[in-house]
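Thanks for coming, everyone. I have one structure to walk through today. Have a look at it first, and then I'll start with a single residue.

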Amino acid sequence: MGRPRYTGLMSQTIRPSIQTLPKYVAGKPIEEVQRELGLDRVVKLASNENPLGASPHAIAAMQEAVTKIHLYPDASGYELRHAIAKFYSLESNQVVLGNGSDELLTLLGSVYLVPGTEIIVGDPTFVRYNAAATITGAKEVRVPLRDDMTHDLPAMAKALTEKTRLVFLPNPHNPTGTVVKKAEVDAFLNDLPKGAMLVLDEAYVEYAADLPDFPNGLDYVKDGKPVIALRTFSKGYGLAGIRIGYGLASPEVIDAMDRARPPFNANAVAQAGAVAALEDQSHVAASRKVNQEGLDRVAKIAADMGLRSIPSAANFICVDVQRDDKEVFDELLKRGVIVRAGGPLGLPQIIRVSIGTREEMDIFESAFREVMAATALTS
Ligand SMILES: Cc1ncc(COP(=O)(O)O)c(C=O)c1O
């Protein structure tokens, strides 16, 4: 993306890195597609949301919290931080709340990064790590994923220098859904220079934590390793719209983030909803079940059609469509199905499909089969 033409007086003092910082491109909203294409029924499988919605207990707690919405939230997030700490057998001074885990990414940037320092990320990766570096003037060092779309931790270890401050490792990875193994993370941590921290972005942990060899960020935090685990209520708990995430780390890291965060970054409704959501683990288990069925189903549809899919431990799956991904995206859109085209995510010829309810996946399947029959293979 080139530099936009800024002509106003105050534009001249905008930092050059901000002038070129790409804006986040989110999955298309349902209403927008309905408006633009005149469709009644639109299914959104584009933003890795929870198709079961939020737990009814969380919804009831949020409705109750709305009645007190004229009051500022508890700035310390006491109840939620204590509930999270209890859930994970940590101390409450090892928990920081965020306006989504997304906010914690840039917060980490403002705490640890200055010009001359570096972050290390996979390539491709979740776009918001770049913002943490760009906003602060730090350098982003990108290390290509392996052919199987997993992070190449030995290659990332080779990129470590005395300038490295943060290494962002989403596990499961977005956009590929792949996971790294515990032995690889253990080895990587041995190579981490003093003063550098591994950011285990575990936005999808509720879907993956039971996998054998999963490197659970919580265990590293408990062992006192230089790790922060970032988690969210947006995915497994179905609370994406209310924006609430959290970080688990040592008290010294949490204390620094606590000083730098906006005082009321976790809103009152979100805090109440998250406390109730955490108590309803049966909803998380039901979400996991629907998700696994959906993942297996898309993998099978792809295999039936002779297409490769990337084995996923998250709530989305990538399919190599062997066609122009933008064309497949557009054709699915015309049939009322929103997915993500892989190109802008760094995965050309791939579409990323979030898992929906059984009914939503029925609609996806028939639209996908139609589109695959109607579009040409890329030569
Ligand atoms: C890898 C990863 N990290 C962080 C986030 C941000 O999640 P939230 O800000 O909703 O907690 C997402 C959202 O899609 C993600 O995929």
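Let's start with Asn-48. Buried or exposed? Asn-48 has 23 C-beta neighbours inside 10 Å, and the cut-off for buried is 20 or more, so Asn-48 counts as buried. Keep in mind that this is a predicted model.

Where is Asn-48? Asn-48 is in a loop, the one that runs between β1 (43–44) and α3 (56–66). Its backbone deserves a look too. The phi of Asn-48 is near 55 degrees, a positive value in a residue other than glycine. As background, most residues other than glycine have a negative phi.

There is another residue of this kind, Met-149. Its phi is near 70 degrees, again positive and again not a glycine. Find Met-149 in the loop between β4 (139–144) and α7 (153–158). How many other C-beta atoms lie within 10 Å of Met-149? The count is 19. Buried needs 20 or more and exposed needs 12 or fewer, so Met-149 is partly exposed.

Staying with the backbone, let's turn to peptide bonds. Most peptide bonds are trans. A cis peptide bond joins Asn-174 and Pro-175, and here omega is about 25 degrees. Pro-175 also lies in the loop between β5 and α8.

Now zoom out to the whole chain. The protein has 15 helices and 13 strands. Its radius of gyration is 21 Å, close to the 21 Å that the globule rule gives for 379 residues, so the protein is as compact as a globular protein of that length. Along the principal axes, the C-alpha atoms fill a box of roughly 55 × 55 × 50 Å. Of the 379 residues, 46% are buried. What about contacts along the sequence? Take the contacts with a separation of 6 or more: 72% of them are between residues 24 or more positions apart.

Next, the domains. There are two ranges to note for domain 1, 9–40 and 282–374, while domain 2 covers 56–281. The centres of the domains, taken over C-alpha atoms, are 24 Å apart. Where they touch, domain 1 puts in 22 residues and domain 2 puts in 25 residues. Which elements give two or more residues to the domain 1 side? They are α13 (281–304) and β10 (316–320). The one that gives the most is α13, with 7 residues. By class, the domain 1 side splits into 12 nonpolar, 8 polar and 2 charged residues.

Two partners to find on screen: Ile-317 is bridged to Val-353 in β13, and Asp-320 is bridged to Ile-350 in β13. On its other pairing, β10 meets β9 over 2 bridges, also antiparallel. There, Arg-308 stands opposite Asp-320. The two strands β9 and β10 form a hairpin, with 6 residues between them. And β10 is mostly covered, with 4 of its 5 residues buried.

Last stop, the ligand. How many residues are around it? The shell has 13 residues, and those that come nearest are Gly-100, Ser-101, Asp-102, Thr-232 and Ser-234. What is the shell like by class? It holds 4 nonpolar, 7 polar and 2 charged residues.

That's the tour. Asn-48 is buried and sits in a loop. The ligand has Asp-102 among the residues that come nearest. Over to you for questions.

Methods
Residues numbered from 1 in each chain as written. Predicted model: local features only at pLDDT ≥ 70, side-chain atom pairs only at ≥ 80, totals over all residues. Near = placed C-beta within 6 Å. Nonpolar A, V, L, I, M, F, W, Y, C, P; charged D, E, K, R; others polar. Domains from an automatic or database assignment. Contact = placed C-beta atoms within 7 Å. Rg over C-alpha atoms; globule rule 2.2 N^0.38 Å. Pairing = 2+ DSSP bridges.
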